[in-house]
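Here are some notes to read alongside the model, written for someone meeting it for the first time.

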Amino acid sequence: MQQVFSIPKCMKKDFRYTFCPGCDHGVAVRLVAELIDEMNLQEKAICSTCVGCSVFLYNFLDIDCVEAPHGRACASATGVKRAQPDKFVFTYQGDGDFASIGLAESMHAALRGEKFSAICINNTTYGMTGGQMGPTSLMGQKTTTSPNGRNADYYGYPIKIAEHIAQCDGTAYSARVALDTIPHINQAKKALQKAFEVQQQGLGFGFVEILSSCPTNWKMSPEEAHQRVREEMIPVFPLGVFKDVTAEGGNK
Amino acid sequence: MEKNFIIAGFGGQGVLLAGTILANSFMLSGKNVTWYPCYGAEMRGGTVNCEIVVSDTEVSSVHKQDTDYALVLNQQSFDKFVQRVKSGGTIVANSTLVAKTEPRADIKYVFAPMGDLANELGTSKVTNMVALGVLASVVDVVDTEYLALGFEKVMGEKKKDLLQLNKKALEVWGNTI
Amino acid sequence: MNNKEKVLIKGNYAIAQAAVNAGLQCYFGYPITPQTEIGEYLSGVMPDLGRAYVCAESELAAINMVLGAVSTGVRAMTTSSSCAVALMQEALSYACGDELPVVLVNVMRAGPGLGYIYPAQGDYNQSVYGGGNGDYKIIVLAPSTVQECIDYTYRAFYLAQKYRNPVILLADGLLGQMMEPACFGENPYPEVDVSSWALTGAKNRDGRAIYSVGPDEKKQIQHIYNLFEKFEVIKKNETSFEEFETEDADIILTAFGSMTRNIKASMKVLRKKGIKVGCFRPITLSPFPHDRISELANKGKDFIVVEMNMGQMYKDIKYAVEGKTKVDLINRPCGEWLSVEEIVSSVEKIVTERGLAYATSV
């Protein structure tokens, strides 16, 4: 009998996800793990982890990990990469970590063209603390800190992260992907691979924003949550590649 | 023996450099020495100063309330530091820019036209070295030979061609009087 | 630079070059007076040596870059001053919890808030007790001369890696800005083997994780006990101080950092006046030499603490003396260093006020 599916080699043998049922984090981590295996990166990978739902990443992946304070993953990863230029360095962060408390660190890492890869899970809320309004919460979205829905007057607007990172001259690759359908998951893996490759090639900062569901805090079933990604998130946060210095004709 | 010096003037008159050369001359003659600059807001308004303490033993404190010697290159610095000279101390002033007044009776005054002497040597840039030469003529512990060595140490190989001119500047006051 | 030759050098440059000699692989910094020369100097030196220099976007980023770099086993540091060091407190707490050998140089200026660039010693509490969360301890070294800026920079890198604990080199604006003859010599400390914990990729071993947090309560409790046991070892091995003429002294003047010079000079003047004064100067502000101060108090010696703050080390001396003898404070919050004349007259005033029979022999 042929085995067609298994746990990636670089995942810990006894790992148990601490993500909520139906959460897309599990899929995202798996894609990262598959690529680490496929690109033969396990022995040279160092991850700068963040604070938020993915804080326990080091319990899932059998690679070297260092804990960064909330928002500082890109600063910590800068330190790691500058100290160990030959290693494969990446961050795995939420939108609160990457684009709210850590926006300065994230943007400046991109502006400096730091040669590591950054992954940002955008689920339009602070998941770990129970669903507060975050930098990516959609207009009208009800959260525990915007109980009447986000309105511009009172709360301002969500940030379009991948577009902003694409504007930085040091960025080699910036894309937004989603995990709501199989084709989208396949696209997401390709984007992650590209973000890893530009690091390997020393071209600059590689970035992927992943639109993810958060059924628990959205108070939806996993299926409804994916529907929300499709119907509410993607129209605001369009999928695509916003910068790719390796693409034909230069920047795009 | 412990003596302190304040060197003060306009920014651009080479005050900090003169202090550095003086401090190096003390180090090269085997003494303990510290150099401490004014910095930040103290430097606003265009005047700079530094304080050098030389001692046979460990320097007691780096920044003192009063001074044994003040070497001042402009009027503003004269007005400020004439008040800080210890009773019995000496103020050495650049009379090219400082009016010859003696506001206190309990200190000594030495006026020398440092700017003019420098110009006679061809450039006002050596005013600071002329000033150190004047200081050497007044203070035993300051020695022109060590000042020349101090100059070499500070300026290094790159500025070796300037050594002769600066040596001349050090000696010009001694040759005048 | 010839390492054996005496050179007249600024404290800031001395720290920078000593760090290079100690094997600094990465420097991360953000400018702030009065320590900016350290970063300026290293920006010229590090690229030529093939080492990393990053102009960080903030002190927050700088210290976290250090966290990342040192986690891979290399030597890295950042340098800053008072109000900007305040920004780094979170990361220092992490570095203690993560057991990361961070080296931070703080060239103190005046606070609170932005304050100003006058020299001051108001960061004793910030350094020794920290502003970060949780129970943690940092090693704090306080140089008093430019030579010690060099010596303690070497020591800071060694201790940080030896104990996997952050080290703060606590200097002040006076020390950073002044020049004094000093000699670099050779870094006297051996290399530290970091291979058992450094993150270098999971090659022929399992992945390693460096973290402070644990959802496992028992593990978290044990982790903190372990950190404090480690600091007991540090206390036993590394506590250092200097004493001058304490043997026959009635009063011991105490200071840290560059004020040490002034109390030593004051001691000489006071002794000539017939007041038997000694000097005590902690070199490690953390671990603090409580035991020795307690011993001296047991011998009946009174203490006068001289510092450029509102009495921060004063509290630690009082704590160590435990009410056995008297402890007084001579201080100014910032700015012009207390002069020898001021210290001498303040000590005389204290002696007179107390009517103590100190002045016995001339």
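1. A definition first: two strands pair if DSSP finds at least two bridges between them. Helices (H or I, at least four residues) and strands (E, at least two) are DSSP runs, numbered from the N terminus. With that in hand, look at A:Val66, which stands opposite C:Ile210 in β10(C). Strand β2 (residues 64-67) of chain A and β10(C) pair in the parallel sense over 2 bridges.

2. A word on the model and its labels. This is a predicted model, where local features need pLDDT of at least 70, side-chain atom pairs count only at pLDDT 80 or more, and totals for chains, interfaces and linings use all residues. Residues are numbered from 1 along each chain as its sequence is written, while chains are lettered from A and ligands numbered from 1 in the order in which they are written.

3. Which strands form the open sheet, and in what order? There are 8 of them, arranged as β7(A)-β5(A)-β6(A)-β4(A)-β3(A)-β1(A)-β2(A)-β10(C), with mixed pairing. At the edges are β7 (240-244) of chain A and β10 of chain C, each of which pairs on one side only. Further in, strand β1 (residues 45-49) of chain A runs parallel to β2(A), and 4 bridges join them.

4. Two residues are in contact if their C-beta atoms, placed from the backbone, lie within 7 Å. By that rule, 35 residues of chain C are in contact with 30 residues of chain A. On the chain C side, two or more residues come from each of β2 (24-29), β3 (52-55), α3 (59-70), α5 (89-98) and β10 (209-210). The largest share, 7 residues, comes from α3(C). By class, this side of chain C has 19 nonpolar, 10 polar and 6 charged residues; Ala, Val, Leu, Ile, Met, Phe, Trp, Tyr, Cys and Pro count as nonpolar, Asp, Glu, Lys and Arg as charged, and the others, Gly among them, as polar.

5. How do the chains meet overall? Of the 2 pairs of chains that touch, chains A and C have the most contacts. Chain A and chain B are joined by no contact, and their closest C-alpha atoms lie 29 Å apart. Between chains C and B, the contact takes 20 residues from chain C and 19 residues from chain B. On the chain C side, α8, β9 (179-182), α10 (259-272) and α13 (340-354) each supply at least two residues.

6. Chain B comes next, with 6 helices and 6 strands. Along the sequence, the pattern is β-α-β-β-β-α-β-β-α-α-α-α. With 177 residues, a compact globule would have a radius of gyration near 16 Å, and chain B agrees at 15 Å; the radius is taken over C-alpha atoms, and the globule rule is 2.2 Å times the number of residues to the power 0.38. Of the 177 residues, 47% count as buried, meaning that 20 or more other C-beta atoms, placed from the backbone, lie within 10 Å of a residue's own.

7. In α5(B), the buried residues are B:Tyr146, B:Leu147, B:Ala148, B:Gly150 and B:Phe151. What covers them includes α1 (15-28), α4 (127-138) and α6 (163-176) of chain B. After α5(B) comes B:Gly156, whose phi is positive, near 70°.

Technical notes. Buried ≥ 20, exposed ≤ 12 C-beta atoms within 10 Å, placed from the backbone.
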